[in-house]
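Hello,

Please find the structure we spoke about below. My notes on it follow.

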Amino acid sequence: MAYVSLKRIIEKMKLENLTPDLDIAKVKITQPDINRPALQMAGYFEHFDATRLQVIGFVEYTYMEGLPEDRKKEIYTKLLSREIPAIVFCRELQPDALFLETAVANEVPVLMTKKATSAFMAEIIRWLNVKLAPCISVHGVLVDVFGEGVLITGESGIGKSEAALELIKRGHRLVTDDVVEIRKVSDETLVGSAPDITKHFIELRGIGIVDVKTLFGVSSVRDTQNIDLVIRLEEWDKDKEYDRLGLEEEYTEYLGNRVVCHNIPIRPGRNLAVICESAAINHRQKKMGYNAAQELYTRVQKSLAKRRDEEEEE
């Protein structure tokens, strides 16, 4: 099961640990959802998911402050006796001594952030969604071409890395070569990234390993990119029928999400970088509402209709 350590969250979100005596090394967050325990403060614990990160904002804090001491002790004990991974106080709100004492007794880490509650929640949910998303690794090259994430796949040695290098020289940005880690962050969005060990490197047969970031500068690489288009390179087969119009989109599927896919036949003289650029621009144009193949089809239909009308008049 995927997880993010609490220590990593503290470092990423710049949280202050109000219970430094507790050992947080083994605390893990296993889901991106969070919970604001307002109903729990009021005594309602039905359907309470204690495995979520708990966030306390101004409303919950003022309610806690207004509770009588005996009620506080009862509610704090009920809440913190659950297996909660951690509780975060927003807006630099300081929990009272009884809350901290109960948290330490139940080994529940208490953290604090300067951020407003809504801003912190939005940031932590977005970040956890990426880190805890379902993930697979595929063989290919991922490049940012005019803002479109183009995943180039195909058999080893077919020219994926060479095409990526040419695209980089033309001003586009490399995300990863050889191994692409794909994460499903939503039902519509796939995000690709590089394994840490191969980040910013390209392997070119006959030359070896090339450090793209060092050779071409930081503007030639990026860490992550949405996958908008797949280009599958294959050897040219003269007996195979290739799509020459593009009226109907072909798709490939990763983690249940469909992505537009083009099968590009390879033969000497074809400029892969220009083809990839054209495919990315055409895909972007389609998303903006213009389909060149459909426009051509419409023109042909109009021409045929006009010719039929002229023949009927004669």
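**Salt bridges**

Glu 181 has a relative accessibility of 19%, and because the limit for buried is under 20%, Glu 181 counts as buried. Its salt-bridge partner is Arg 183, with 3.6 Å between the closest N and O atoms. Please keep in mind throughout that this is a predicted model.

Another set of salt bridges with shared partners links Glu 69, Lys 72 and Asp 96 into one network. Within it, Lys 72 and Glu 69 form a salt bridge whose closest N and O atoms are 3.8 Å apart. Both residues belong to helix 4 (residues 69-80), where they are three residues apart, about one turn of the helix.

With neighbours within four places in sequence set aside, Lys 72 contacts Met 64, Glu 65, Leu 67, Asp 96 and Leu 98.

Over the whole structure, the search finds 16 salt bridges.

How many of the residues of strand 9 (residues 141-145) are buried? The count is five of the five, so strand 9 is largely enclosed by the rest of the structure. Val 141, Val 143 and Val 145 point one way from the strand, Leu 142 and Asp 144 point the other way, and all of them are buried.

Strand 9 pairs with strand 10 (residues 148-153) in the antiparallel sense, over five bridges. In this pairing, Val 141 stands opposite Ile 152 of strand 10. The hairpin made by strand 9 and strand 10 has two residues between the strands, and Phe 146 in this hairpin takes a positive phi near 55 degrees.

Strand 9 also pairs with strand 11 (residues 173-176), again in the antiparallel sense, over three bridges. Here Leu 142 has Thr 176 of strand 11 as its bridge partner.

An open sheet is formed by four strands in the order 8-12-13-16, with antiparallel pairing. Strand 8 (135-139) and strand 16 (224-226) are at the edges; each has a single partner strand, so one side of each is left without a neighbour in the sheet. On average, neighbouring strands of this sheet are turned by 30 degrees against each other, direction ignored.

Inside the sheet order, strand 12 (residues 179-184) and strand 13 (residues 190-193) run antiparallel and are joined by four bridges. Ile 182 faces Gly 192 of strand 13 across this pairing.

**Thr 117**

Thr 117 lies in helix 6 (residues 117-131). With 6% relative accessibility, Thr 117 counts as buried. What is Thr 117 in contact with, leaving aside its neighbours within four places in sequence? The list consists of Arg 36, Val 55, Gly 57, Phe 58, Cys 90 and Arg 91.

**A nonpolar surface patch**

Leu 245, Leu 247, Leu 296, Tyr 297, Val 300 and Leu 304 make a nonpolar surface patch of about 510 Å². One of these residues, Leu 247, is placed in the loop between strand 17 (229-235) and strand 18 (251-254). Leu 247 is partly exposed, with a relative accessible area of 35%.

Regards

How values were computed: Residues numbered from 1 in each chain as written. Predicted model: local features only at pLDDT ≥ 70, side-chain atom pairs only at ≥ 80, totals over all residues. Heavy atoms only, no water. Pairing = 2+ DSSP bridges. Axes fitted to C-alpha atoms, helices over the stretch in contact; angles between N-to-C directions. Buried < 20%, exposed > 50% of the residue type's maximum accessible area, 1.4 Å probe, protein only. Contact = heavy atoms within 4.5 Å. Patch = residues over 30% accessible without salt bridge, like charges linked within 9 Å, V, L, I, M, F, W, Y side chains within 5 Å. Areas by Shrake-Rupley, 256 points an atom, 1.4 Å probe, with all protein chains shown as cover. Salt bridge = Lys/Arg side-chain N within 4 Å of Asp/Glu carboxyl O.
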